[in-house]
Amino acid sequence: MTKTKLFTATIFSLTLMLSGCGSDGDDGAAGADGAPGADGATGADGAPGADGSPGPSGPSGPAVVDRIYPEANDLRGLTYAQVGSNAGKIYVSGFVRPNLSDPFSNVAVVGRLFANGEPDDSFGDDGFVQIEATSQRGADDETSAAITELQGGDVVVAINATESSGGRSVYLFRLNPDGTLQDGWGDEDGKAEVPFGYPDANDNIFPGNFVEDFAWDLQVDRSVSTDRVVVFGHGSANDGSRTDRDRYITRMLITDTGAETDPAFNGGEAFSFNPFGTLNDNQRRGIVESDGKIVAAGYTNLGGIVRHHAMIIRLNEDGTYDDTFAGYSDEEVLVPARGGLAVFNAFQVDEGFSEVYAVGRQSSTNSYVTAGYGGATRENRDSTLGFETTIRPDTVAFRTSTGVSTNFDTTFGSAGASIFQSEGKGFPSADDRGRHMVVLPDDRTVIVGQFGGVPAAFVLTIDGEPDTSVFGDGIIELDNQVVDVQFWAAALSPDGSRVAMTTNFDSDGARLVVIKPAG
């Protein structure tokens, strides 16, 4: 049974000024009432922060809004509103875990915030609403990594929830601008299922134990005036024999009474892709372009020394492969090259690996930039490309043409890779990861994730070099008491001036940071 719970938000607000930093990657975070770093200038709208010490002298950073919300422990769904009086506000989705010792006690959360991070009390009760999709409990139950605003101003959120069979399904909920569930939409609980390989009614056909679907992204298709959304995720293989995981992309029509798979997209079924064999494919974030074409980022571990390969897919509006994009694979024996598909591992020469979690378009270069993580080398191996030997994953970005091409863009970054490595720099760990990204109006890229186990954002120039106008090394570090809490979502404000980012699970509460990248 679905239920909503409205409750009062308690917010701890931190306003930080980020002082300049040298190229060693230690940004020296400061807190309220601290003084600016020597010779450093205060960033726009920035204020000193509490009990912090100034960082080394250097270029000033962007203004930062930094807030922790104990009403949610995880907020991986994030988008800016664009419609009417709510334009410029921030929608978030995720979950709260009432019993921190019980990972099966999650309840989904949706919130709306003002641009400064203050909860909007005209949404629900003081800005937040809880939604329970199903009464069953299980792994990754009642989680949300995706939320979007429809063109009329309503909000649709994707929630991954345990179903009666014991598996996991993706469900959409539609909320009015005041945070209430829309009457008469979806089933009696207010939800509509997103079928990937098997809808709930056909779970018994799956040859494995449980069907497990998971939505990673949800994007509005603005190429049409009607409401339709594209869902990106992964789920159990749909060929009736394999029990591994495939990637899925599907388009859903949002009607007054619910959501249904678009019959004009891939014959009315979710598009799926399996490179070969029984491999667990990983579909992450994607975009819908102005002409209705769909670009999806992900990766697959092809096994052995071949390891993880980045995979980018572009589909036509009708859900078929777009033969005017890419058409290359550096492992054609395993994954044959074909139009609409890019398959590559930029670090194969040193037995490293490449994963992509998000994709964005650079207008001035007619290219796609991706963000994710990988390994420049295999453990204990020297890099032939001039990188550090990888101890833990590295934050990486790549670029590929929007047209037909034979390889990823080797002019981007260094040897075709923009890479951030914290190895040997004294951080809590050597773990660096890119989880999401946005392309700024000037075609610079902001990647969010972590650097050395610390929540961080990375700013790249158009050509994939660290943007040294931001802290001297392009890295914005925002220390956190819990190692490995990191930014998992990013969103660009409608005017292109701000980037919002939110964190994964933290027992103290999820975190929102808003920056104005210098430029």
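**Salt bridges up close**

**View 1. R67 pairs up with E118.** R67 makes a salt bridge with E118, with 3.2 Å between the closest N and O atoms; the term covers a side-chain nitrogen of Lys or Arg within 4 Å of a carboxyl oxygen of Asp or Glu. R67 sits in strand β4 (residues 64–69) and E118 in the loop between β7 (107–113) and β8 (128–132), so this pair ties together parts that lie 51 residues apart in sequence. Strands here are DSSP runs (E, at least two residues), as helices are (H or I, at least four), and they are numbered from the N terminus. R67 is buried, at 8% relative accessibility, while E118 is partly exposed at 34%. For these words, buried is under 20% relative accessible area, exposed is over 50%, and partly exposed is in between (1.4 Å probe, protein chains only).

Before moving on, a word on the model: it is predicted, so local features need pLDDT of at least 70 and side-chain atom pairs count only at pLDDT 80 or more, while totals for chains, interfaces and linings use all residues. Residues are numbered from 1 along each chain as its sequence is written, and side-chain values use heavy atoms, with hydrogens and water left out.

**View 2. R338 meets D323.** Here the N-to-O distance of the salt bridge is 3.6 Å. R338 comes from the loop between β21 (328–329) and β22 (341–344), and D323 from the loop between β20 (308–315) and β21, so the pair links distant parts of the chain, 15 residues apart. R338 is partly exposed at 34% relative accessible area, and D323 is exposed at 51%.

**View 3. R392 reaches D431.** In this salt bridge, N and O are 2.9 Å apart. The two residues are 39 apart in the chain: R392 is in the loop between β25 (367–375) and β26 (394–401), D431 in the loop between β27 (418–420) and β28 (433–439). Which of the two is buried? D431 is, with a relative accessible area of 4%, whereas R392 is partly exposed at 39%.

**View 4. Five residues share one network.** Salt bridges with shared partners join D221, R228, R251, D262 and E317.

**View 5. Stepping back to the chain.** The structure has 32 salt bridges. The chain has 34 strands and 0 helices, and 61% of its 519 residues count as buried. Among contacts (heavy atoms within 4.5 Å) between residues at least 6 apart in sequence, 57% join residues at least 24 apart.
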